[in-house]
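Please walk through this structure piece by piece, with the sequence at hand.

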Amino acid sequence: GNKVYQPQAKAAPPVKIAYILNTYPQPSHSFIRREIAALEAAGHEVDRFAMRGPDVPLVDPQDKAEAAATQYVLAAGGSALARASLRMMLRAPRRFGQALRDVRQAARRAETGLARHLIYLAEACYLRARLEGSGIQHLHAHFGTNAAMVAMLCHRLGGPRYSFTTHGPEEFDSPRALSLGAKTHHAAFAVAISQFGRSQLCRWAAPADWPRIKVVHCGIELAKFPAPAPLPDGPRRLVSIGRFVEQKGQLALIDAMARLRESHPDLHLTLIGDGPLRGAIDAEIARHGLQERITLTGWVDEARVTAELGAAHALVMPSFAEGLPMVVMEAMAAARPVIATYIAGTPELVQPGETGWLVPAGDVAALAEAMAALHDAPLPALEEMGTKARTRVFARHDVAREAAKLAQHMQEAAR
């Protein structure tokens, strides 16, 4: 009857982290803001460093608060970066020489050339100096682009260990030019946001580095998605959310709406977002005479996005290339079915016939067919799809749970 004492394993201590970002905050980067907030809520301390500020006006108050909390490297000016580089070269010539060799190798693979990479080295030198005495234990970059390069160079200069999250599709369009293999090799670990993304990183990393490539999903704050609004009565409404750029496929979506103009005259589409293709989208809407059928809102805040999802029967994402879109998660959390293209990580979340429809990217006929099927489906069938969608995304994309995974990887790297 004697009990053997089993000591409880101590919880790993909080980590002090620096997030290394390129242009931050951006309206389309709310997932970074949520991840940071979840880490902070769990007791970790996060400092934000970005190379530059947002390149579009900020609408959401949460983005404005992030901008106020972020330290901007390039705002220090060229002379400050040059002084930091000179000090690093004098204080740690061997480390500086190694980082310079890394830069030359990366520049040979890249399209941007040596000058751009020397700027990354100067940014890393400045960051390394700023981190001196800060207690920062780990650097984490989002996107495998220049922010990950700055984090890698900072580490090579004697700074903290680092990790980075790849999202796609941009990183996987130019894996050699971005030195994804080298960034993965020198990292404590690398993160992909889907199993598909992990497979793409494995393509460019040495097989010995594969075990350090982790999957951490982008997440949603479950508390922000209470009991969902019931699907509205009346004509079917679709909403699409994203930047107006080629890869998002909005022009194909307008073509699909034009094909349904006669057969489904009450189907309505709301496009949320803006970008370089705004003029082309306006012109296509006018050419097809769809001004009464398609509403454009521009960029709106999170509350308006929630309201638009509540007024819609489904989200439609006609993308040609993606990572794993946050708006798909948000729509599913709002108990809305999703029409999406069969690309990247999307099929890991959207299940055909269960939580929505998947169509081949660029196939306008298939997209129009799925939109017609949604239009014709009875409301109870759409409600059942929405309920399954909500259950699935809650199980897979809780930001608190995913941030805890990320922090655990950081703690394991420390050990």
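Arg-101 lies in helix H4, which covers residues 93-109. Helices (H or I, at least four residues) and strands (E, at least two) are DSSP runs, numbered from the N terminus. The model is a predicted one, in which local features need pLDDT of at least 70, side-chain atom pairs count only at pLDDT 80 or more, and totals for chains, interfaces and linings use all residues. Residues are numbered from 1 along each chain as its sequence is written, and side-chain values use heavy atoms, with hydrogens and water left out.

Arg-101 has a relative accessible area of 42% and is therefore partly exposed. Buried means under 20% relative accessible area, exposed over 50%, and partly exposed in between (1.4 Å probe, protein chains only).

Helix H1 spans residues 30-41. From its first C-alpha to its last, H1 reaches 16 Å, close to the 16 Å expected for its 12 residues at 1.5 Å a residue; the expected span is 1.5 Å times one less than the number of residues. Nine of the 12 residues of H1 are buried, so the helix is largely enclosed by the rest of the structure. Among them are Phe-31, Ile-32 and Leu-39. After H1 comes Gly-43, with a positive phi near 100°.

The loop between strand E1 (16-23) and H1 holds Pro-25, which is joined to Tyr-24 by a cis peptide bond with omega about -5°.

Phe-143 sits in the loop between strand E4 (138-142) and helix H6 (146-156). Its phi is positive, about 80°, although Phe-143 is not a glycine. Phe-143 is buried, because its relative accessible area is 18%.
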